[in-house]
Amino acid sequence: MARAVSLVDTHVHLEEVDGELFDVLAEARAAGVTDLIAMGVDAGTSRQVVDWSETWPGVWAAVGHHPLNQVGPDLALLRELAARPGVVAIGEVGLDHADEHRGPHEAQEEWLRGCCALALEVGLPVCVHTRECTAEVHAALRAHPGLTGVMHYWVLGWDWARRFLDLGFYISFSGVVTRSSRGELREVARRVPADRLLVETDAPWGTPKGREGRMRPAWMLDTAQVLAGVRGLSLEELAELEWANVRRLFPRLGASTA
């Protein structure tokens, strides 16, 4: 049965979610997840998500270059794709110093700077990945005054959250916040200002407590329910709060859904 709430999965890798896209989207909508921002991580996936944004109602695109790549971004292509109306952000971008198989650290920083400059040029927010290099990511974002965006899949403490909030960034929570061992993370979610809170799946990762298997967009409802409880809100109030923040951070999406 369809739910009355409407939520936005602000970060999902649709090409990696199990099942046919039609079924994945239908399942999500039945759970109340009516809109999704599909991430591009390289040239191929960026083209793919733009195509989906022009084919499937409720699917929006972010075009970007993940630090897992071994070569740099095609900024000319990303600039071209960013002009399409369904593109609402530059992402996924960021740094990752946890995995030796990811892009070289110095090259990652160059890639991130290029993507941040592009985001400023085209007037779009960035969707930012950080793992074991938080200070470096913070410095890169701080070096681009006027840049807006979201720190996705937040798992760090309040001190770092406050520093990114001070830059004007939003904080997005995934299914990790539902897990029993993550009481400190739920406290961060309680403290994030209401006008800076977002929700995501990062599917197929971030499976919430009580679910088995790879994450699905429909399961974001579990995360939203936990966040609502932590903040003393009803699910409907949490959904209204999230939509207000989505429309503010992603103006193209907001203009189409107002």
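Strands here are DSSP runs of E with at least two residues, and they are numbered from the N terminus. The model shown in these views is predicted.

Figure 1. Strand 4 (87-96) and strand 5 (126-131) each supply at least two residues of the lining. Strand 5 gives the largest share, three residues. Sorted by class, the lining holds eight nonpolar, six polar and eight charged residues.

**Figure 2. Tyrosine 153 and its backbone angle.** Most residues other than glycine have a negative phi. In tyrosine 153, phi is near 55 degrees, a positive value in a residue other than glycine.

**Figure 3. Packing of helix 5 with helix 6.** Helix 5 spans residues 134-142 and helix 6 spans residues 158-166. Their axes lie 10 Å apart, and the packing angle is about 10 degrees. Angles under 35 degrees count as roughly parallel, and therefore helix 5 and helix 6 are roughly parallel to each other. On the helix 5 side, the contact is made by Thr134, Ala135, Val137, His138 and Leu141. Helix 6 contributes Trp160, Arg163 and Phe164 to this contact. By class, five residues of the contact are nonpolar, two are polar and one is charged.

**Figure 4. Packing of helix 2 with helix 3.** The axes of helix 2 and helix 3 come within 11 Å and cross at roughly 10 degrees. By the cut-off of 35 degrees, helix 2 and helix 3 are therefore also roughly parallel to each other. From helix 2, Ala43, Ser46, Arg47 and Val50 meet Leu77, Leu78 and Leu81 of helix 3. The class count for this contact is five nonpolar, one polar and one charged.

**Figure 5. A salt bridge between arginine 84 and glutamate 54.** Side chains of opposite charge can pair when their charged atoms come close. The count for the model comes to eight salt bridges. In the one shown, the side chains of arginine 84 and glutamate 54 meet, with 2.8 Å from N to O. This pair links distant parts of the chain, 30 residues apart. Arginine 84 is in the loop between helix 3 (75-82) and strand 4. Glutamate 54 is in the loop between helix 2 (43-53) and strand 3 (59-63).

**Figure 6. Cis peptide bonds at glutamate 92 and proline 204.** Most peptide bonds are trans. The bond from glycine 91 to glutamate 92 is cis, with omega near 10 degrees. Glutamate 92 lies in strand 4, a strand that supplies at least two residues of the lining in Figure 1. The bond from alanine 203 to proline 204 is cis too, with omega near 15 degrees. Proline 204 lies in the loop between strand 8 (197-199) and helix 8 (220-230).

Key:
Residues numbered from 1 in each chain as written. Predicted model: local features only at pLDDT ≥ 70, side-chain atom pairs only at ≥ 80, totals over all residues. Heavy atoms only, no water. Helix = DSSP H or I, 4+ residues; strand = E, 2+ residues; numbered from the N terminus. Nonpolar A, V, L, I, M, F, W, Y, C, P; charged D, E, K, R; others polar. Axes fitted to C-alpha atoms, helices over the stretch in contact; angles between N-to-C directions. Parallel < 35°, antiparallel > 145°, perpendicular 65-115°, else oblique. Contact = heavy atoms within 4.5 Å. Salt bridge = Lys/Arg side-chain N within 4 Å of Asp/Glu carboxyl O.
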